[in-house]
Structure formats: structure tokens, C-alpha cells
Amino acid sequence: MRIEKIILKNYRQFRDVEILLNKSLSSDLNIFIGKNGAGKTNILNAINWCLYGDEPHLSKDSQQLPMLNLQTIKETIDEGDQEVMVEVYVKLEEERTIIFTRRATYRVYKEERLPQLRNCDFEARFSDEKGNTKFLQNEDAVSLVERFVSKDMREFFFFDGERLDNYFKIATIQNISHAVFVISQIDLLRNKIENRLDTVLRELRREAGKENPKIDEIRNRLEEDEDKLKDVENRIEECKKQIEIAKGKAKECSDNLMRIPDVEALEKERERLKREKKSKKEILDTKKKERQDLLFEYEKIIFLWPAIENSLQTINEKKRLKEIPPTVDRSLLEEILKNKVCSICGTPLNDTSEKRVNDLLQNIKLSSIISQKLLNMENPLRSFIEESKFFDEKLRKINYEITDYNKNLERIEIDLSEIDKKLSGYDPERIRRWQEQRKEYEEIQTKNQKLLGQLEMKRDELNKSIDDLKKQYEDELKKEKKFELIKKQIDFCSKALDVAKKTEEIILRQTREKIESETNKLFFNLIWKKETFKNVEIKPDFNINLIHSMGYECLGTISSAEREVLALSFTLALQTISGFNSPILIDTPVARVSDELRTNFGKVLLDVSTGQQIILLFTPSEYDKDISKLLDPRSSGRFMLKLSSNEKEVKMEVL
Amino acid sequence: MSEIPDRLNIDRKDRELYNKLDSEEILKFKDNGGTRTRKEQFIFAMAYGFKLESRKPLDSMEGFVLAKDLRPDDEALINAIAIYNTKSIEILSDQKEVFKIAEEYAHAGIILLDSKIKSTSFVSYERELEKTLHEMFQKIKL
Amino acid sequence: MNEGKINEQILNSIKEVSKDDMEIENFLKDLLFEEIEHPGRWQWRDIYSKKIKEYSERWDNNSEN
């Protein structure tokens with residue numbers, strides 16, 4: 001089944017728009033591009049409103065606005081009536097077209113009131129085998145819709161991208177079991193046939209009981225037990241559900257707790273790093289002091305170098321000339337000459353010895369003070385010269401050491417800040433709450449497990465009692481010939497009910513298995529990382545799992561795009577199994593898909609469109625160069641939605 | 001022989017400049033949290049004045065370093081400056097004059113040092129000193 | 001018009017579970033069709049009772065296990 005055409009009159013932004021959805025030989029893909037607010041999602045709403053009478057995807061803005069087009073309201077006289085109409089042309093496999101039309105008449109008021117709904121009707125029209133046009137109204141038309149995409153199933157066919165992404169967050173066990181239930185048409189069996197057979201059976205038994213109080217008593221007890229059994233079975237279902245919920249919530253808490261850092265270990269590490277930092281800092285400070293001392297010491301040597309060198313040269317020269325050290329003390333000679341007596345032996349000087357002393361004195365150039373000073377200077381100055389050779393090397397060494405320690409300290413700082421980052425999200429209060437909650441949920445699970453055990457035991461007891469009572473009942477009936485006929489009916493009805501229940505079980509199991517198998521087939525056909533995953537599982541309790549090739553469940557950790565492919569595969573599987581072949585309409589299909597996977601997902605959609613009608617609604621930013629390059633050549637129709645400047649109307653441009 | 005002076009003097013105004021040396025860790029006086037003695041500071045200033053070939057007579061006199069605190073290498077440097085400056089070893093016989101030369105170099109030196117430190121406020125004086133010493137050392141090596 | 005599809009599997013399973021009990025099988029299939037033909041409110045009690053009478057008359061108890 002596909003949608004051929006949609007006509008919208010006065011429906012929200014669409015004042016008078018006709019949308020023709022063509023298909024080509026190779027694909028059935030129609031693309032709508034429009035900014036948010038331009039009416040894309042309202043195309044989805046229009047289809048829903050026409051077929052089902054409601055608008056499940058209305059934005060908050062649209063919810064405030066009347067359904068009647070604003071420009072039309074503006075141009076209508078006070079208390080004038082206007083009609084909203086949406087018509088959906090549905091083409092069936094047998095080439096027959098059914099036209100569904102929903103109309104709503106609104107009265108417009110010029111004052112601040114919203115237009116009031118006056119009338120609404122829904123009609124289906126088609127041509128029969130003879131070519132005559134047939135009309136179905138309201139409830140009958142609704143039944144017809146139910147045959148194509150039942151309201152229960154529509155969420156699996158018409159949905160927005162966000163739902164696709166959230167599929168396995170929102171689609172809990174209940175929703176999936178519901179889908180299986182609806183698709184397998186078990187609804188008819190369980191809620192209609194079984195319930196009604198049960199009602200008729202009870203009535204038959206009551207009838208038999210009227211004639212015989214003993215039979216009636218047994219019947220009463222039987223019915224009581226059957227009612228109790230129903231109640232216990234309901235409670236068992238509820239119990240299982242609660243266990244499932246508690247398990248899920250406990251897991252959520254565990255997941256949250258797992259994400260918190262190993263605080264104790266991190267704190268220990270942090271302390272160690274702080275100690276290391278302190279010690280390294282101390283050494284660094286020492287090294288810096290060393291450098292200061294080095295520079296301070298060498299300042300005088302290097303700045304006074306010319307003077308040092310000069311003095312040393314002088315000293316060397318004097319030594320070479322043997323002027324230092326002095327052989328005779330000059331002041332001694334001067335004293336001898338002055339006193340004319342030798343200070344050493346006490347002999348008075350004669351002319352010869354006086355001349356000799358004078359000559360000696362002439363030869364001594366330097367005073368003893370000066371000589372002594374020069375000699376005293378020699379060693380220190382030589383030390384300075386010697387020391388100076390090592391200046392560069394010492395400076396280089398100390399600088400290297402300082403740089404090294406600085407680098408170490410930097411590394412420690414980085415490590416510390418990493419630890420701080422890890423610990424910053426650590427809120428002990430929240431952690432304590434999660435731990436408490438997890439404990440609570442685990443307790444709920446345990447409590448319910450116990451209760452479940454008790455209920456199951458009770459159920460077994462009741463089943464046994466019911467079997468016994470049934471046997472007793474039958475035996476009583478057998479005793480009297482007049483009950484033969486009614487007994488036969490009761491037996492027949494009982495057996496039919498039994499067969500119906502067993503059939504239901506089988507169908508559910510088969511449907512579930514088929515959906516699982518089909519989902520697997522589709523998923524592995526569509527997904528790009530085929531080797532990463534092993535299989536998709538739909539358990540008997542309708543829990544859906546994606547198993548990694550390494551054997552663990554990975555539904556919670558796959559990317560948005562992968563999740564959407566799984567959701568899409570599941571949907572298509574539902575379609576195949578249910579036999580409902582309906583268009584798939586996706587609003588903003590790649591908005592939540594990360595860039596590099598968008599084209600992959602686009603290819604998936606393209607693939608699917610070879611088999612059935614796909615309608616995609618993109619925002620301009622979603623419909624980027626890459627997606628456009630991929631989808632343009634293969635699309636059978638592309639439309640641009642443009643909001644008028646007064647924002648009251650949308651025009652559609654065929655691209 | 002002239003009298004032997006028992007101390008090295010500074011100009012009274014220089015006292016404050018020596019105190020301001022505390023702003024640089026490398027030059028800080030030991031009594032104010034650093035490690036340098038007044039003698040070391042004096043010789044540092046003296047060497048700086050010598051490097052810049054600047055001598056300045058003192059306007060006033062204030063005892064700063066006791067002669068008895070001078071060690072052989074301190075004396076050697078002071079004498080070397082005096083010899084270099086007068087180009088004669090005879091100066092060594094006039095201790096007063098030797099000290100005067102040292103004092104005048106130190107006087108010029110401390111003024112110039114203070115000015116230098118002020119002008120390197122964004123880079124530490126230590127960095128400047130390191131750079132200068134390294135450059136001068138390269139020349140000495142050759 | 002009967003455009004609705006009956007899940008063939010249900011029909012097959014009814015046959016399988018009935019284990020050659022033709023009356024039970026036909027009875028249930030009959031009910032299935034009735035339900036599909038009458039999706040809204042309808043007088044099911046009468047139809048159900050009538051069919052039970054009809055089929056049970058033809059039914060051979062001894063064929064039940």
C-alpha cells in the first residue's frame with residue numbers, strides 16, 4: 001500500500017496544497033525539505049488527522065494554534081464558516097485506490113476567540129469491481145483504515161526521527177509485546193473469542209446448575225476458582241513487570257555508580273603526588289639558590305677580569321725579574337743606611353760597606369710592603385683565573401638541572417589536575433543516594449521474586465482445584481440424562497476454549513520468532529559494521545537485545561545511527577510479518593545521527609525505498625551536501641517547503 | 001707611609017640604595033632574609049662600577065665594611081683594581097688611596113646598579129646578569 | 001467487503017492444535033471470521049450460543065483425548 005496523493009485545504013500552514021508522491025522504477029522515495037516551523041511535521045500530522053482523527057506530533061507552537069489556516073481566518077467574516085480538509089489517496093496492491101477524506105467545519109469569530117468546531121466527518125470512497133463508486137462513512141470508514149494501518153500499529157510506520165532514536169528506550173517490553181500481539185491478530189483470539197467463549201461457558205454451566213443445586217454449588221466453586229486464577233495470573237504478570245522495572249532501575253543505579261571514580265585510590269595517588277611535588281620544589285629552590293650564588297660569585301671575577309689579569313701579569317713579570325720575592329728587605333737596608341750600623345751584626349758601616357748597602361738598595365725596586373702585597377695577591381688571583389674556566393660548564397649544568405626539575409613539576413601538576421577533574425564530578429551525596437536506591441530496588445526485586453513464587457504456587461493449586469472441580473462437575477452432569485445435551489455443549493465449548501488458548505501461545509511464540517529472524521536478516525543487511533554484531537534477540541519476555549560479536553549485550557552502548565538502523569529493521573520486520581505493507585514516514589531522520597554515519601544511514605533508507613514507499617522530512621541543515629548527493633539522484637520527488645513572510649501560509653516548491 | 005684605614009666607606013646617600021638591593025633575591029642582605037653580607041654587596045657594586053669604568057668621589061663618608069673583615073681574595077681584588085687604575089704597583093703602598101679607589105668605584109657602582117635593577121622590572125635582574133656574564137665570558141675565553 | 005486479512009498462521013495453528021477434531025477447528029475458524037466481519041459492537045452472544053449448539057450437536061465427544 002502507498003500514499004499517492006495528499007490534498008490539504010486550510011489545514012494549518014497548508015492553505016491549498018496538493019502533494020503528488022510519485023514513484024520511479026527503482027525506488028519510492030519522496031523528500032521534503034523545510035526549516036523547523038515550515039510545516040514538515042504537520043504533513044505527518046495531516047496524514048494522522050485524516051486517517052485517525054488526531055495529531056500526535058504537534059509541536060508546542062502548533063498546539064497553541066487553531067487547525068484552521070491563519071490566513072483563511074484573517075480573510076473570513078465574523079461568524080463565517082470555513083472548512084479544513086485533508087484527503088489521502090491510498091493505492092492498494094491490486095491497483096485499487098481508496099480516497100480517505102476528513103473534513104472539519106469551523107466557525108470563525110473576529111474577536112479573540114479561537115474558531116469553534118461545528119462539524120467533522122470522515123469518508124472513504126473507492127470503486128468496486130464493477131466500477132461503481134462506493135462510499136463508507138465515519139465508523140465504517142474507520143474500519144477500513146484499521147485494515148490497512150491500524151491505529152495500534154501506526155506508531156511503527158509513521159514516526160519522527162527522535163522516536164526512531166529513542167525506540168529502545170521508549171519501546172519497553174510492554175510495547176514490543178504489544179506490537180507482536182497486534183500483528184499476530186491474537187487480539188481477536190484473546191480479547192474476543194476466548195473471553196466470549198468463557199462467558200458463554202459460564203452461562204451454560206449456570207443453566208445446568210439451575211436444575212441441580214449440587215451441580216450449581218460445584219459450578220459456583222469452579223467459577224470462584226477460575227476468577228481467583230485470573231486474578232492470580234494478573235498479579236503474576238504485574239509482579240513480573242515490577243521485577244523487570246526494579247531490575248532496570250537497579251541497573252541504572254549500578255551504571256551510574258560504575259561511572260564514578262575509584263575515589264580512595266585517586267586520593268592516595270593525589271597525596272603521593274603532592275608529597276613528590278613538595279620535595280621536588282624544595283630541591284628546585286635549592287638549585288635556584290645555587291645558581292644565584294654561582295652568578296654572584298662570578299660577577300666580580302668576570303667584571304674585574306682585566307684588573308685580575310693585569311695584576312697577575314705584573315706579578316709574573318716581577319717574579320721573572322726576580323723582583324719578588326725580595327732577597328733583601330728594603331726597609332732593613334734603609335734602616336742600616338740611616339743608622340750607619342748593620343742591623344744584623346751591629347758593625348758600624350765603613351765607606352765600602354755603606355756603598356755596598358746603597359748598591360743593594362738601588363737594586364731593590366720594590367718596597368717590602370708592595371712585594372708582600374703582590375705576593376699575597378698571587379694565589380687568590382690565580383684561583384680566580386682557575387675558577388673562571390668552569391663558569392660556563394657550571395652554569396649550563398645548573399640550568400639543565402633546574403629545567404629538569406621544572407619539567408618534573410609540570411608533569412606532576414598535569415597529573416594532579418587530571419585527578420582533580422576525575423574527582424570533581426564526585427558528589428558523595430548523590431552516590432549515597434544511588435547506592436540506597438539500588439539497594440531499595442534490589443529489595444523490591446527480592447520481595448517480588450518471593451511473591452512471584454508464592455503466586456505461582458497458588459496458581460498451580462488453583463489449576464489443580466479447577467481440574468478437580470471440572471471433573472466433579474462432569475461426573476455430576478453425567479449422572480443425569482437430562483444434562484446430556486448441555487453437557488455436550490459445555491464440553492465442546494471448554495475444548496474450543498482450550499484450543500484457542502493453546503493456539504494463542506503458539507502464535508505468539510511463532511510471531512516473536514519470525515520477527516526476531518526477520519529483524520536479524522534486515523539489520524545485518526542494512527548495517528555497515530557487519531562483523532561487530534552477532535545477532536538480535538527478542539526474548540520470550542519480549543526483551544530485545546543486540547548481541548556483540550564478543551558475546552555481550554550492547555544495545556545501550558551503540559551509536560545513535562546504529563540504534564536507528566535497528567529500530568528501522570524492527571519496523572520493517574513488523575511490516576513483513578504482519579503483512580501490513582504501509583509507507584514509512586520519518587521526520588528528521590538523520591538529525592541525531594553523527595556526521596560520518598549520516599551517509600551510511602542515508603544509504604540504508606535508499607535501500608529500503610526500493611521495497612516500499614519512504615517519505616522523508618529533512619531540515620535544510622540535515623539535507624547537507626553529502627546527503628543530497630546521495631539521495632537526489634534516486635528520489636522520485638523532492639519538495640521545498642517555504643513559509644510566507646507573514647508566516648501564515650506555506651508554499652510548496654517542487655525541486 | 002700614610003695611615004692605614006680600618007674601614008671601607010660609602011656615601012651616606014648610598015645606604016638606602018644598598019637597602020633597596022633587597023628587592024632582588026640574588027643581592028638580598030642576610031639580615032633581611034637573604035644571604036649576602038654588606039662586604040659582598042660592596043664588592044659586587046665595586047666590580048659593577050669597574051666594569052662600567054665609572055668612579056665617583058664620595059660626597060660624604062659612612063663606614064660600611066671593616067677592613068679586618070676583608071679576606072685575602074677581597075684584598076687581592078681591591079688591590080688589583082687600584083693597580084689597574086693607577087697603572088702602577090706603587091699605589092699598593094698607599095692603603096688609603098687604594099681604599100679610596102675602591103670606594104669610588106663602589107659608589108658609582110651602587111648608583112648604576114640601582115638604576116639597572118629598576119630598568120629590568122619585567123625581567124629579573126638575575127636573568128640580565130646571567131646573560132651579561134655569559135656574553136662577557138665568551139670574550140674572555142678567546 | 002472483506003478486505004481484512006486473516007492471519008493464516010492462526011488458521012494453521014487452530015488446525016494443528018485441534019488434532020483432527022474438525023468440529024472444533026471449523027467452529028473456531030467460524031468465530032474468527034465472525035469477529036473480523038463484526039469489528040465493532042455486535043450481538044455476539046446469540047451467534048456464539050447458536051454456533052455452539054450447532055457444532056456441538058455434530059461433535060463426537062469420543063474424538064477428544
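Chain C of this predicted model has three helices and zero strands. Read along the sequence, the pattern of chain C is α-α-α. The chain runs to 65 residues, and buried residues make up 45% of them. What share of the contacts in chain C with a separation of 6 or more comes from residues 24 or more positions apart? The share is 49%.

**A helix pair in chain C**

Let's look at two of those helices. H2(C) covers residues 22–37 and H3(C) covers residues 44–58; their axes come within 10 Å and cross at roughly 160 degrees. Because of that angle, H2(C) is roughly antiparallel to H3(C), the cut-off for that label being over 145 degrees. As for handedness, the crossing of H2(C) and H3(C) is right-handed.

Who meets whom here? On the H2(C) side you'll find Glu23(C), Asn26(C), Phe27(C), Asp30(C), Leu31(C), Glu34(C) and Glu35(C), and on the H3(C) side Ile47(C), Tyr48(C), Lys51(C), Ile52(C), Tyr55(C) and Arg58(C). Sorted by class, this contact has six nonpolar, one polar and six charged residues.

Glu34(C) is worth a stop on the way. Glu34(C) sits in helix H2 of chain C. Is Glu34(C) buried or exposed? Its relative accessible area is 17%, so Glu34(C) counts as buried, the cut-off being under 20%. Leaving out residues up to four places away in sequence, Glu34(C) touches Trp42(C), Ile47(C) and Lys51(C). Ile47(C) and Lys51(C) also turn up among the H3(C) residues that meet H2(C).

**A helix pair in chain A**

Over in chain A, helix H9 (residues 263–303) and helix H14 (residues 391–424) have axes that come within 9 Å and cross at roughly 160 degrees. H9(A) is therefore roughly antiparallel to H14(A). The crossing of H9(A) and H14(A) is left-handed. The contact of these two helices has 19 nonpolar, three polar and 19 charged residues.

Here are the two pairs set out together:

| Helix pair | Axes come within | Crossing angle |
|---|---|---|
| H2(C) and H3(C) | 10 Å | roughly 160 degrees |
| H9(A) and H14(A) | 9 Å | roughly 160 degrees |

With a relative accessible area of 36%, Lys394(A) is partly exposed. Which residues does Lys394(A) contact, once its neighbours within four places in sequence are set aside? They are Leu294(A), Tyr298(A) and Glu387(A). Take Leu294(A): it lies 100 residues from Lys394(A) along the chain, yet their C-alpha atoms are separated by 8.1 Å.

**One helix in chain B**

Last stop, chain B. Helix H2 there spans residues 38–51, which is 14 residues, and reaches 20 Å from its first C-alpha to its last. That is close to the 20 Å expected at 1.5 Å a residue.

How many of the 14 residues of H2(B) are buried? Twelve are, and the helix is mostly covered. After H2(B) comes Glu53(B), with a positive phi, near 50 degrees.

Note on methods. Residues are numbered from 1 along each chain as its sequence is written. Chains are lettered from A and ligands numbered from 1 in the order in which they are written. This is a predicted model: local features need pLDDT of at least 70, side-chain atom pairs count only at pLDDT 80 or more; totals for chains, interfaces and linings use all residues. Side-chain values use heavy atoms; hydrogens and water are left out. Helices (H or I, at least four residues) and strands (E, at least two) are DSSP runs, numbered from the N terminus. The expected span of a helix is 1.5 Å times one less than its number of residues. Buried means under 20% relative accessible area, exposed over 50%, partly exposed in between (1.4 Å probe, protein chains only). Axes are lines fitted to C-alpha atoms, for helices over the stretch in contact, and angles run from 0 to 180 degrees between N-to-C directions. Angles under 35 degrees count as roughly parallel, over 145 as roughly antiparallel, 65 to 115 as roughly perpendicular and the rest as oblique. A crossing is left-handed if the near helix is turned anticlockwise from the far one by less than a right angle, and right-handed if clockwise. Contact means heavy atoms within 4.5 Å. Ala, Val, Leu, Ile, Met, Phe, Trp, Tyr, Cys and Pro count as nonpolar, Asp, Glu, Lys and Arg as charged, and the others, Gly among them, as polar.
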